[in-house]
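Good morning, colleagues. Please bring the sequence and the structure up on the screen, and I shall then take you through several local features in turn.

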Amino acid sequence: MRLFLALLLFSSSSFAQVSVTYMQDDSLHTVIGERYKSGYFFNAPNSTQTIHVVTLDWPPYIGNKLCNKGWVYQFSTAILHSTGYSAYIEFVPWARAVRAVELGKADVLMPEYYIEDTAPSDYIEGKTRRKLLGLSNSFEGGNIGFLKRKGEPDRFNGNLKSLKGSRIGVVRGYQNTPEFDAMMDNNEFIIINAVDDLQLVKLLAAKRVDLIIGDPAVLLYSVKYAALPDSEKQTLLSAIEPESKAIQYNPLYFAISKKTPNWLTVLEDINTALYKFKNSGETQRMKQALLNECD
């Protein structure tokens, strides 16, 4: 009920503002994001640099229509504001977000998974992603695993080599795990691309793939969060289930474009803030406070 009322309140105000509150040096800080272009602008007093952040709808971690836009949005805004940066944050499809940051049309991509040194860019031929992006220290993430059609036997036995030749659905542009991504790049699976997590679930339910890969919490929530009739949501949810074995736990990161002015300073400032928030317990406090408010 509280989540419904929060969403209703956001709708009635046309999403005019977003409020973020965090603790720093034993003081409570609140910053208000105002509607700007296709996102929100968070002003930091005496800021000398505005960071353009691109992100995606990835509930339950972050989402444009989530209560308070999700804990990762609140946390990321607080990290940037606490370092003295103003921030313009917008939601775009993931592949577009990755392209924007790799080409230097935006400054920060979040939340990102770990990027292997050898991972190729899909947008600049002959370049690896790590040549284009600086990766921050990590913060809390979630598991990566496979979803299957409900009632079918597990296909994943803990060894990805057992899935060679399988039709696997992925969201285009997502990093998953280093081993899976390397095998995918080596064409050891038959890969079917989706534009987002909801389309991925639909591919599985329609039997166009054998498995889909991702964070099971995100994949299931993408259906609950979708603008679909309740009957269609129930049909999708009743057709799928996670496999019993996860592949691995994936923490989350900020990825900074190396075309951003003073990108190394921005990276160092974000890392310092991540350390302070974790060390003081503010990361957990913000996450739990948002979960309690939006339960």
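In this predicted model, S86 has a relative accessibility of 2%, and since anything under 20% is classed as buried, S86 is buried. The residue belongs to strand β5, which covers residues 86–91. Which side chain makes a polar contact with the side chain of S86? The partner is N43, and the distance is 3.4 Å. If we set aside residues up to four places away in sequence, S86 touches F41, F42, N43, A44, S47, Q49, T50 and I51.

Strand β6 spans residues 108–112, and five of its five residues are buried, so the strand is mostly covered. Strands β4 and β6 run parallel and are joined by two bridges. Within that pairing, V54 has L109 of β6 as its bridge partner. Strand β6 is also joined to β12, residues 240–257, by three bridges, and here the strands run antiparallel. L109 takes part in this pairing as well, with A255 of β12 as its bridge partner.

The next topic is the disulfide. How many disulfides does a search of the whole structure find? The search returns one. The disulfide is formed by C67 and C294, with 2.0 Å between their sulfur atoms. This pair connects distant parts of the chain, the two cysteines being 227 residues apart. C67 lies in the loop between β4 (50–55) and α2 (71–82), whereas C294 lies in helix α10, residues 282–294. The torsion about the S-S bond is about -60°, and the disulfide is therefore left-handed. Are these cysteines buried or exposed? C67 has a relative accessibility of 7% and therefore counts as buried. C294, at 14%, likewise counts as buried.

Helix α10 brings me to my last item, its packing against α9. Helix α9 comprises residues 263–280, and its axis comes within 5 Å of the axis of α10, with a crossing angle of roughly 75°. Angles from 65 to 115 degrees count as roughly perpendicular, so that term describes α9 relative to α10. Which residues make the contact? On the α9 side they are F277, K278 and S280, and on the α10 side they are E282, T283 and M286.

Thank you for your attention.

Methods
Residues numbered from 1 in each chain as written. Predicted model: local features only at pLDDT ≥ 70, side-chain atom pairs only at ≥ 80, totals over all residues. Heavy atoms only, no water. Disulfide = S-S within 2.5 Å. Helix = DSSP H or I, 4+ residues; strand = E, 2+ residues; numbered from the N terminus. Buried < 20%, exposed > 50% of the residue type's maximum accessible area, 1.4 Å probe, protein only. Polar contact = N/O pair within 3.5 Å; in protein donor to acceptor, adjacent residues only side chain to side chain. Contact = heavy atoms within 4.5 Å. Pairing = 2+ DSSP bridges. Axes fitted to C-alpha atoms, helices over the stretch in contact; angles between N-to-C directions. Parallel < 35°, antiparallel > 145°, perpendicular 65-115°, else oblique.
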